[in-house]
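This report covers the fold, overall dimensions and surface of one chain. The sequence and structure come first.

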Amino acid sequence: MIDHYNLGYLTFAFMNLTMLSGALIFLAKKRKKFWTYAHIILAIITYVLMTLTIWVVR
């Protein structure tokens, strides 16, 4: 069962991955395009999870 606790932890984990991929865009010398696409995908997933978490809590 997915409750707001699990969604919150999952959202927090994806938020950390999104921030890490954003930092790797600037730190990577050769794979900037890959990290840019990864960052966009992770950001979209994180946004959807945040919206679901808020929707479940309310």
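## Fold

How many helices and how many strands does the chain have? In this predicted model, the chain has two helices and zero strands. Helix α1 covers residues 4-27, and helix α2 covers residues 32-57.

Among contacts between residues at least 6 apart in sequence, 64% join residues at least 24 apart.

## Dimensions

The radius of gyration of the chain is 13 Å, whereas a compact globule of 58 residues would have one near 10 Å. The C-alpha trace spans about 45 × 15 × 15 Å along its principal axes.

Thr18 lies in helix α1. Its relative accessible area is 11%, so Thr18 counts as buried, the cut-off being under 20%. Apart from neighbours within four places in sequence, Thr18 is in contact with His39, Leu42, Ala43 and Thr46.

Buried residues make up 21% of the 58 residues in the chain.

## Surface

The chain exposes about 4,900 Å², and carbon and sulfur atoms supply 75% of this area.

A nonpolar patch on the surface is formed by Tyr37, Ile40, Ile44, Tyr47, Val48, Leu52, Trp55 and Val56. Together these residues have about 870 Å² of accessible area. One of them, Ile44, is placed in helix α2. Ile44 has a relative accessible area of 53% and is therefore exposed, since that class begins over 50%.

Key:
Residues numbered from 1 in each chain as written. Predicted model: local features only at pLDDT ≥ 70, side-chain atom pairs only at ≥ 80, totals over all residues. Heavy atoms only, no water. Patch = residues over 30% accessible without salt bridge, like charges linked within 9 Å, V, L, I, M, F, W, Y side chains within 5 Å. Areas by Shrake-Rupley, 256 points an atom, 1.4 Å probe, with all protein chains shown as cover. Salt bridge = Lys/Arg side-chain N within 4 Å of Asp/Glu carboxyl O. Helix = DSSP H or I, 4+ residues; strand = E, 2+ residues; numbered from the N terminus. Buried < 20%, exposed > 50% of the residue type's maximum accessible area, 1.4 Å probe, protein only. Contact = heavy atoms within 4.5 Å. Rg over C-alpha atoms; globule rule 2.2 N^0.38 Å.
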